[in-house]
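Reader: I'd like to learn how to read a model like this one. Could you take me through it feature by feature?

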Amino acid sequence: MTPESITLVGIGVALLSALVLLFRWLRQDLQGLRQDMRDMEGRLNARIDALSSRIDSVNSRIDALYQALFSRKDPAA
């Protein structure tokens with residue numbers, strides 16, 4: 001083998017190693033991003049559930065108020 005071919009093989013191995021490291025780094029970064037998305041989804045679902053509960057509570061209060069106002073019979077009738 002000539003020195004040039006040894007140099008080219010060395011450069012090829014170095015580039016391949018760099019690509020493998022880059023791929024591993026990107027994969028770990030992607031896994032972290034997926035975990036962050038799952039965490040955000042969980043927090044968002046919790047907020048949606050809390051908001052839904054508040055809406056249900058307000059609807060119950062409105063219904064109770066409506067029943068209190070309009071379920072009474074007119075004494076003149």
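**Reading the model**

Author: Let's start with rings: the structure holds one aromatic pair. Tyr 66 and Phe 70 form that pair, which is tilted, with 4.8 Å centre to centre and 45 degrees between the planes. Before going on, note that this is a predicted model, where local features need pLDDT of at least 70, side-chain atom pairs count only at pLDDT 80 or more, and totals for chains, interfaces and linings use all residues. Residues are numbered from 1 along each chain as its sequence is written, and side-chain values use heavy atoms, leaving out hydrogens and water.

Reader: What counts as a tilted pair?

Author: Rings of Phe, Tyr and Trp (its six-membered ring) pair if their centres lie within 6.5 Å; planes under 30 degrees apart are stacked, over 60 edge-to-face, and the rest tilted.

Reader: Where do Tyr 66 and Phe 70 lie?

Author: Helices (H or I, at least four residues) and strands (E, at least two) are DSSP runs, numbered from the N terminus. Here, both Tyr 66 and Phe 70 lie in helix H1 (residues 3-70), four residues apart, about one turn of the helix.

Reader: Is Phe 70 buried or exposed?

Author: Buried means under 20% relative accessible area, exposed over 50%, and partly exposed in between (1.4 Å probe, protein chains only). Phe 70 counts as exposed because its relative accessibility is 57%. Ile 6, also placed in helix H1, is partly exposed because its value is 48%. Leu 22 of helix H1 counts as partly exposed too, at 43%.

Reader: How much of the chain is buried?

Author: Buried residues make up 0% of the 77 residues.

Reader: And what shape does the chain have?

Author: Its make-up is one helix and zero strands. The radius of gyration (over C-alpha atoms) is 33 Å, well over the 11 Å that the globule rule (2.2 Å times the number of residues to the power 0.38) gives for 77 residues, so the chain is more spread out than a compact globule. Along its principal axes, the C-alpha trace spans about 115 × 15 × 5 Å. You can check that on the model with Leu 22 and Ala 64: they are 42 residues apart along the chain, and their C-alpha atoms are separated by 62 Å. For Gln 35 and Val 9, 26 residues apart along the chain, the C-alpha separation is 39 Å.
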